[in-house]
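Please keep the sequence and the structure at hand.

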Amino acid sequence: MSTSKVMPPKGLIPVIGLVSMIGPFSIDAYLPSFPAIAQGLGVGLPALAQTLSVYLIAFAAATLVWGPLSDRFGRRRMLLTSLVLFVVASVGCALAESFPMLIVWRALQGAFACGGMVIGRAVVRDVYEGPMAQRAMSHVMLVFAVAPALAPVIGGWLESMFGWRSVFQFLALFGLFAIVLVFCWLPETHPQAARQSIHPRSVGGNYLRALHHGHFLALVAVLSLGFGGLFLYISGSPALIYDHLGLGESDFGLFFIPAVAGLMSGSWLSGRIAHSWPPLKIIKLGFSVLGVAFTANLFGALWLEPSVFSVVTPLVMYAFGVALIMPVLSVQALDCFPRHIGMASAVQGFAQMAFNAVVAGFLMPMTAPSLIHLALAQGLLLCVSVLILLKARVR
């Protein structure tokens with residue numbers, strides 16, 4: 001296994017968690033500004049949803065580039081490159097004077113934001129092994145999980161105080177801060193001797209092997225479907241907040257802060273029991289929690305009057321279950337390709353974000369008008385992920 005001999009410096013996990021936050025932060029921060037952007041650029045809210053879909057599609061596609069690039073040129077250099085380009089794209093979003101230009105800059109923002117998540121995950125696997133890798137991945141998720149809570153709260157505050165363009169200006173400043181942290185604290189974790197070729201034939205061959213690796217694909221599918229059940233509600237949060245709960249732009253924290261508390265609690269527990277519980281036991285616990293969460297969600301949608309409590313409580317449970325299983329499944333997926341960790345991380349990122357794009361672009365618009373339909377869609381995704389998991393025979 002091509003692990004780095006570099007000792008992890010103090011503060012490595014918070015730095016990796018922060019750069020991994022950039023992608024989800026850029027998704028959620030501008031959600032409270034949807035009505036203002038639609039009015040400012042003269043488009044309808046359904047059309048504005050394209051800015052989310054195009055971001056996710058570009059994010060997914062670009063993961064397939066950043067992973068192999070980091071395998072060839074090193075993690076640190078490629079991470080800094082992606083962050084610099086993200087800052088440029090964020091400034092472009094802030095200056096966009098038309099809807100088509102916002103679409104273009106959002107696509108570029110997604111393409112560059114994904115570098116932090118893909119390369120950050122590879123850095124963790126470079127430095128740590130076994131249960132320590134699972135524990136480190138859990139700690140990264142603790143920091144990563146803060147993004148969905150903070151982003152809409154900060155975005156709503158910026159929107160109400162300074163207008164929607166200030167949200168993208170803030171994202172540019174966030175990117176600059178991340179550049180400083182990476183430059184000062186992150187060493188190169190991928191040694192020269194372990195570098196891989198980026199010749200198209202070599203990269204294509206590696207991806208072809210990944211596509212023929214049934215166990216790897218099953219793990220990636222379970223990750224994507226499991227998180228998709230939560231992202232269905234994240235992408236549909238404007239409908240939940242404005243339509244179903246009758247709240248305003250400053251109330252997004254009522255949805256996101258509890259949900260992220262669930263993510264952080266699940267990540268903390270996953271790391272806490274990494275050394276004492278076998279992976280399969282953790283996965284079984286996580287899916288048991290997901291099953292209870294879906295049942296409570298469907299019950300609330302069918303028989304309870306919509307309220308913050310009835311809508312958000314099951315999602316907190318679901319987020320807790322997702323956070324329990326994600327570090328375990330992610331490490332096991334990366335271990336399928338120990339000599340091509342960047343590539344394996346790229347495929348993980350591509351699958352998850354591509355599926356999120358499908359959820360945001362197709363599944364969410366079809367189900368968001370009805371809480372019952374949202375709950376049933378979440379249950380469908382969960383059932384499919386369980387069936388794949390049973391066939392995968394996870395250890």
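## Residue classes

Ala, Val, Leu, Ile, Met, Phe, Trp, Tyr, Cys and Pro count as nonpolar. Asp, Glu, Lys and Arg count as charged, and the others, Gly among them, as polar. The model is predicted.

## Largest cavity

The count comes to four cavities of 30 Å³ or more. The largest cavity has a volume of about 210 Å³. Its lining holds 14 residues. Closest to the centre are Met 117, Arg 121, Met 137, Met 141 and Met 326. By class, the lining divides into eight nonpolar, five polar and one charged.

Which helix gives the most to this lining? H7 does, with four residues. At least two residues each come from helix H6 (99-127), helix H7 (130-144), helix H15 (308-334) and H16.

## Largest pocket

The largest pocket has a volume of about 380 Å³. It is lined by 16 residues, and the closest to its centre are Phe 34, Leu 45, Pro 238, Ala 239 and Met 364. The lining has 13 nonpolar, two polar and one charged residues.

Two or more lining residues come from each of helix H2 (34-41), helix H3 (45-48), helix H12 (237-244) and H16. H12 supplies the largest share, four residues.

## H1 against H9

Helix H1 (residues 12-28) and helix H9 (residues 165-185) cross at roughly 160°, and their axes come within 10 Å. Angles over 145 degrees count as roughly antiparallel, so H1 is roughly antiparallel to H9. The crossing of H1 and H9 is left-handed.

H1 contributes Val 15, Leu 18, Val 19, Met 21, Ile 22, Phe 25 and Ser 26 to the contact. H9 contributes Phe 170, Leu 171, Phe 174, Phe 177, Ala 178, Leu 181, Val 182 and Trp 185. By class, the contact of H1 with H9 has 14 nonpolar residues, one polar and no charged.

## H10 against H16

H16 gives residues to the linings of both the largest pocket and the largest cavity. Helix H16 (residues 341-367) also packs against helix H10 (residues 200-211), at an angle of about 60° and with the axes 11 Å apart. That angle makes H10 oblique to H16. The crossing of H10 and H16 is right-handed.

Asn 206, Tyr 207 and Ala 210 of H10 meet Met 343, Ala 346 and Val 347 of H16. The contact of H10 with H16 has five nonpolar residues, one polar and no charged.

Key: Residues are numbered from 1 along each chain as its sequence is written. This is a predicted model: local features need pLDDT of at least 70, side-chain atom pairs count only at pLDDT 80 or more; totals for chains, interfaces and linings use all residues. Side-chain values use heavy atoms; hydrogens and water are left out. Axes are lines fitted to C-alpha atoms, for helices over the stretch in contact, and angles run from 0 to 180 degrees between N-to-C directions. Angles under 35 degrees count as roughly parallel, over 145 as roughly antiparallel, 65 to 115 as roughly perpendicular and the rest as oblique. A crossing is left-handed if the near helix is turned anticlockwise from the far one by less than a right angle, and right-handed if clockwise. Contact means heavy atoms within 4.5 Å. On a 1 Å grid over the protein atoms alone, a cavity is a set of points where a 1.4 Å probe fits but cannot get out, and a pocket is an open set with protein on both sides within 12 Å along at least five of seven lines; lining residues have an atom within 4 Å of a point. Grid points are joined across faces, edges and corners, and a volume is the space filled by probe spheres set on the points.
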